[in-house]
Amino acid sequence: IGANCMTHPEKAPSSTLWTSSEAEKVTGGKSTCDWFAIGVSIDTRTLKQGDLFIALEGDNGNGHDYLAQAFEKGASAAVVSQVSGDQDKSFPLLVVNDTFKAMQDLGQGARDRTAAKVIAVTGSVGKTGTKEMLAAAFGKHGQTHAAIKSYNNHWGVPLTLSNMHAGTDYGVFEVGMNHPGEITPLSKQVKPDIAIITTVAPVHVEHFENGLEGIADAKAEIFDGLNSGGKALLNIDNEMFDRLSQKALAKDIDVVTFGKSEKADIRLMECLVASNGTRVKADIMGHKIAYTLSWSGEHIAMNSLAVLGAVKLSGCDIEKAARALENLTPPSGRGAREYLDIGDKDNPVTLIDESYNASPTAMKAAFKVLALIDPGRGGRRIAILGDMLELGKDSPKHHADLAMPLRAANVDLVYTCGKNMRNLFDAVPEQNRGAHKDTSMELAEIVPDVLVPGDVVMVKGSLGSKMNLVIETLRALPGKISQDKTKKV
């Protein structure tokens, strides 16, 4: 019998997420002994003590090869489709035909057993930030379960669902896509009561023959799993609003609107954007409210309207929810700021980490924020930009067209990498050109040498452009400079 097997299953702690018998019931698998788990993991690098490890098989590896490592790190049991060797047989296992389907089954089982109010958010940009705001707002009203990071795809959604406790009051899920047909199965797993579409913009456009209309139709798939009586929160200012609204109404889904328009149910009345945050005045379906966000940008304010709209539709306290948003800071890679001492602690470099994603819409919004941040003494505004991916045949133009927004933001130097960003670099006035390189690694090698105290540096690009390499290099600068000083002494 494996070391983690239970001799008294009835004594599982209250924090238990899954017992062997419950997992068998929803997956159709068979356990080698009784066990319980307090979490679910698919990655031994982030696995926590007491997690159920699911051995997924994919292009990047086979989880069955990491069973011993999972149990060394404290896994309580593992979901497997293969049992080989005496060592595997000694572990507490749930044996199934297909481990990925078992994860989906666990997710569906978790969704079906809870009475939680579930909110799902999708959109071309702003999904993760909106998800974080929803989690904070509903977290003040009860036990709230939300996706971590950007777990919004075919494995991220069922993994997030499978980690949801039966006693959850509010569930918050992010749902993403880059091809048609990807959101429908995820929505049917999540079964949301409220669906938010932040906006529709030219992101992943190369995968859609009819451009924005195709993207709108793909985002509207979020309605396919909406529970009876569910609500759709849509941005009335977006050019695809009518198309989205018609899709919702065709399924007898009530549409609630947010935006600046006088016709909006949830209206942005005033928005004052400053370098350290955004002051908002809004009318939330008749409830007038003023609040401050620690994030800068009208686009952030707009998404906060959808959040408070979801709070209102759930019968929760809008004022309490708004207070919860006030101290929330941007997630890593999506506008988080840090300050680097590169030789003058009173005049640091401001680093803005926007390295997780990029699109023309997101780039322009980020430049507006950069424009609000004044450099320190002797400093400059510097943009370090990687390719925006999946923009199709118009990609060169989308990149070159960023030259004007950069100029409007008073950016002093532009550094770029990637074949698409070459179009922007060539469109920037010569006096504003820093350098262009083929890869982010090459940029990371040269940019640190040009920084001076007081600079404001924004790093942005699509995830595939690997701009996080530049971020990591810049983060290491204070330590490197400190070591250099030590050597000189």
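**Note on the predicted model: rings, helix contact and selected residues**

1. Both Phe 71 and Phe 91 are buried, where buried means under 20% relative accessible area, exposed over 50% and partly exposed in between, with a 1.4 Å probe and protein chains only. This is a predicted model, in which local features need pLDDT of at least 70 and side-chain atom pairs count only at pLDDT 80 or more, while totals for chains, interfaces and linings use all residues. Residues are numbered from 1 along each chain as its sequence is written, and side-chain values use heavy atoms, with hydrogens and water left out.

2. A search of the whole structure gives 3 aromatic pairs. Rings of Phe, Tyr and Trp (its six-membered ring) pair if their centres lie within 6.5 Å; planes under 30 degrees apart count as stacked, over 60 as edge-to-face and the rest as tilted. Phe 71 and Phe 91 are stacked, because their ring centres are 4.1 Å apart and their planes are at 20 degrees. This pair links distant parts of the chain, 20 residues apart: Phe 71 belongs to helix α2 (residues 67-72), and Phe 91 to the loop between α3 (85-89) and β9 (93-95). Helices (H or I, at least four residues) and strands (E, at least two) are DSSP runs, numbered from the N terminus.

3. Helix α1 (residues 20-27) and helix α4 (residues 99-113) have axes that come within 8 Å and cross at roughly 105 degrees. Axes are lines fitted to C-alpha atoms, for helices over the stretch in contact, and angles run from 0 to 180 degrees between N-to-C directions. α1 and α4 are therefore roughly perpendicular; angles under 35 degrees count as roughly parallel, over 145 as roughly antiparallel, 65 to 115 as roughly perpendicular and the rest as oblique. On the α1 side the contact is made by Glu 22, Ala 23, Val 26 and Thr 27, and on the α4 side by Ala 102, Asp 105, Leu 106, Gly 109 and Arg 113. Contact means heavy atoms within 4.5 Å.

4. Arg 113 also lies over the face of Trp 18, at 4.0 Å from the ring centre. The charged end of Arg 433 sits over the ring of Phe 425, 5.8 Å from its centre. The criterion is NZ of Lys or CZ of Arg within 6 Å of the ring centre and within 35 degrees of the ring normal.

5. Asp 193 is in the loop between α7 (183-190) and β13 (194-197) and counts as buried, at 19% relative accessibility. Not counting residues up to four places away in sequence, Asp 193 touches residues including Arg 111, Lys 117, Leu 226 and Lys 231. Lys 191, also placed in the loop between α7 and β13, is partly exposed at 26%. Its phi is near 50 degrees, a positive value in a residue other than glycine.

6. Leu 226 is in the loop between α8 (211-219) and β14 (231-235) and is buried, with a relative accessible area of 13%. Beyond four places in sequence, Leu 226 touches residues including Ser 187, Pro 192, Asp 193 and Ile 253. Leu 226 and Val 203 are 23 residues apart in sequence and 24 Å apart in space, C-alpha to C-alpha.

7. Met 404, in helix α14 (residues 403-408), is exposed, with a relative accessible area of 58%.
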